[in-house]
Amino acid sequence: MRRLFYLLLLPLFFSCSATRDYNPNKKYSKTQLRQDYSLLRNILEKKHPSLYWYTSKDSMDYYFDEGYRAIRDSMTELQFGWKILAPLTATIHCGHTSFSMSKGWNHFIKNKIIPSFPLYLKVWNDSMMVIANLNEKDSVIKNGDFITAINGIKTPEIIDYMFHFLVEDGYTENVNYVRLSSDFPYFHRNIFGLYKNYDVDFTDSNGVAKSATIPYFAPPADSAEKKKEVIERKKQKISHSEKIKDIRSLTYDSTFALMTVNGFSKGHLKSFFRRSFRQLRKTKTQNLAIDIRANGGGDIIKSVFLTKFLRDTPFKIVDSAYAKCNTLRPYTKYISSGFFNNIGLHLVTLKKKDGNYHFGYWERHTFRPKRKNHFDGEVYILTNGLTFSASSLFCSDVKGQKNITLVGEETGGGWYGNSGIMIPNITLPHTKLRVRLPVFRLVQYEHIPIKGTGVIPDIYVGPNWRDILNGVDTKIEVVKELTKEKSLE
């Protein structure tokens, strides 16, 4: 099928007055791109603690060389990011090593609605179900229809190919199903490009196989201004207390309390945890569900603080935590907060016989459970692919305790370990594209026999297409049934 545009032409849909300083159509020369690429390779090879954890050095050398050879001509920032950097970072299998667009691009694209594939899809396993259509007047394909092919490419092949551009910890693909489900048009456009029309094969709600040709989504001329107005209205309406509730909250159902923690960074979490567990004690709550399905991690200390209210025994977080170097030199100027990160690395690490620089606090420290307001009832931890980084460490630390049950899907964060703690951005000098650089490798204290998986739930609860269409939270419903059963014992 003939393409209408490639990615570099998308900005032509936008107003030229959007920004005076940034030109999204600017092409960088082959020499500039190869210089950026070579610099990135040097930094990753010398500073990344887990570059060869899941991909052998021989294989990484091959991927590095292939990426370099693929730079045959000039490219825009968007092309360089998605054609070259995205597949490269995906081969590392480190969820904290991902590329992002430049600050100039992010400023340019802010509040814009751009042309794209028109269908939002819920993606899991080998299935893609329609959940929204940007072309509102299109009545051919409806919510609940299952897409079986796009432009002649079968659904399993589409998912597999797109995964080659998305990062993950080890082989924990759950996080990428969630990413595709959150914004399928965005990823499809950036990976496959934009077409004037799409040939789509699908099955309807009755299981009847059908085909249709649908147009791409072209936003009306005033859509960007309308979106900006909506965003401004939302900002005005949302109070500080409402924003805090979006980060963490404690509510009650008929048979259990539900604590939602959507991150371990913001939200005054320590005081929230203290108040919440004091309240749970006073109300004599016997069943607690902790929802960390949207928790991408954050401050490990805060995840440890939550763990202390639940663990029955003393615990350690990691068996080892180390960096390859105690300085980011000679690349300090390309790395965010490089000067201060160098000071931190020098102060908190010590070189050991293995040649690595170990973060002794995390390797030595044993944490003890809270005595005051410790929760001794039944606990259900809700997980999925977005349960990542510090939240996957939390899952590992509580899994296996008699009164704690993990309910949901495999976490996106690695169970055996991950790379993190200090994660500055590398900014490439020509394109200004950024790549995250985790400085420390963490290996879990409780040794996991299989390296490369996320934390496995005790009770698996996957997507249910009927519940998705009806707006039913399947995992919460399972917890309701579990707590009802407990109350009858």
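Here are some notes on the salt bridges in this predicted model.

1. Ground rules. Residues are numbered from 1 along each chain as its sequence is written, and side-chain values use heavy atoms, with hydrogens and water left out. Since the model is predicted, local features need pLDDT of at least 70 and side-chain atom pairs count only at pLDDT 80 or more, while totals for chains, interfaces and linings use all residues.

2. The count. Taking a salt bridge as a side-chain nitrogen of Lys or Arg within 4 Å of a carboxyl oxygen of Asp or Glu, the tally is 13.

3. Arg41 and Glu45. These two form a salt bridge, with 2.9 Å between the closest N and O atoms. Both sit in helix H1 (residues 30-47), four residues apart, so about one helical turn separates them. (Helices are DSSP runs of H or I, at least four residues; strands are E runs of at least two; both are numbered from the N terminus.)

4. Lys352 and Glu363. Here the closest N and O atoms of the salt bridge are 3.3 Å apart. Lys352 is in the loop between strands E16 (349-351) and E17 (357-359), and Glu363 is in helix H13 (residues 360-364), so the pair ties together parts eleven residues apart in sequence. Lys352 is partly exposed at 42% relative accessible area, whereas Glu363 is buried at 9%. (Buried is under 20% relative accessible area, exposed over 50%, partly exposed in between, using a 1.4 Å probe and protein chains only.)

5. A network. Through shared partners, salt bridges link Arg41, Glu45, Lys57, Asp61 and Asp65 into one network.

6. Asp291 and Arg293. Their side chains meet in a salt bridge at 2.8 Å, N to O, and both residues are buried.
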